[in-house]
Amino acid sequence: MECSCSSLLSSNSMETIYSTQFSSFKPLFDLKSIPKLTSFKGISAKACYDTCVPKKGLSSIDEQQLGAADLVYHVNGKINPSFLTRDLRILDGFDDEYGGVIVDSERLPANPNVFASMLRFSVSHWKAKEKKAIWLKLPVEKSDLVPVAVKQGFEYHHAEKGYVMLTYWLPEGPSMLPANASHQVGVGGFVVNDKNEVLVVQEKHCAPSFVGLWKIPTGFIDESEEIYAGAVREVKEETGIDTEFLEVVAFRHVHNVAFEKSDLFFICMLKPLSTRIIVDGHEIQAAKWMPLIEFVEQPFIQQDSMFKKVIDICIARLGGCYCGLSVHQLPSRFDGKISTLYYNCIDN
């Protein structure tokens, strides 16, 4: 940024302005020791910040006083009321690989007034730098900063238990940022023992139409969990049965389910490694090994074309007339990670 020294205020002038405008605030530094202020042609006044702030760290009360006081500085040769120090500092952050900025959530100011001023100045700075977007992650302990950011044009992107993520698209035109996750992923474990019995459960909490229905163990996969691992875990949690993943035999895709999200549900064929059932009392009402034919003949399954088709596929797999998708771990140069690829592999 170019800067020129012109129209400077003397220390005496500063003392007069301070005493008349801000007599209710305790001085945080001796104005006589402040270097002469420069007028800035650009948007940044960081040079002022380094020379004007006191050497002693600011307390929370001092910070509030600074946030409330409108000190005087020169911008483009004119005297303007503004916040002399923290107001003119850019929020800490780093560039992402797509030309955006990710704000450092661990170095955010606690005071909403200070945050508002710094955020406003940062947005202007990053616009001038032709950045594409701003990602602002606000932890739950700083949730009072959320309305400040929203008021300045930030939009909700997603939220987790410990934070809310907001975004700001800087260029003109529609936002090109990726949307929040659109799907939830569920798994079901189809487990059949050597007696041709299916492992089934009755859920404690279910819709009235499902009361009394015996179904396969199901659930959602956890964050960063593989589909095959999630199926094995859910069966273990609900019934206490240890299993080995064999194949994905089918999957269902449906839209506008929970929270208007889409749902992917994978039916997995599992091999039992134990027989003793231990029911999860929090979620499951009952669990048992049920003869396959008795399971299939339940009225609900017979009357539902999708469930009936799923059972037909599983029975075909048991009879060797169908081959599902098995798991293969393969490296990829695309992202430098080991990926799990599910595909059909027929053994002659």
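Buried means under 20% relative accessible area, exposed means over 50%, and partly exposed lies in between (1.4 Å probe, protein chains only). I start my notebook with that, since I looked up cysteines first.

**Ground rules.** I am reading a predicted model, where local features need pLDDT of at least 70, side-chain atom pairs count only at pLDDT 80 or more, and totals for chains, interfaces and linings use all residues. I number residues from 1 along each chain as its sequence is written, and side-chain values use heavy atoms, with hydrogens and water left out.

**Cysteines.** Cys321 is exposed, at 67% relative accessible area. Cys314 is buried, at 0%. How many disulfides (pairs of cysteine sulfur atoms within 2.5 Å) does the structure hold? I found zero. For Cys314, the closest cysteine sulfur belongs to Cys268 and is 9.7 Å away, too far for a bond.

**A sheet.** I then followed an open sheet of five strands, with mixed pairing and the order β5-β6-β7-β9-β8. Its edge strands, β5 (93-95) and β8 (155-160), each pair on one side only. Strands (E, at least two residues) and helices (H or I, at least four) are DSSP runs numbered from the N terminus, and two strands pair if DSSP finds at least two bridges between them. β5 pairs with β6 (residues 101-103) in the antiparallel sense over three bridges. Phe94 has Ile102 in β6 as its bridge partner.

**A helix residue.** Asn113 lies in helix α4 (residues 112-128). Is Asn113 buried or partly exposed? I noted partly exposed, at 46% relative accessible area. Asn113 and Val148 are 35 residues apart in sequence, and their C-alpha atoms are 8.6 Å apart in space.

Key
A disulfide is a pair of cysteine sulfur atoms within 2.5 Å.
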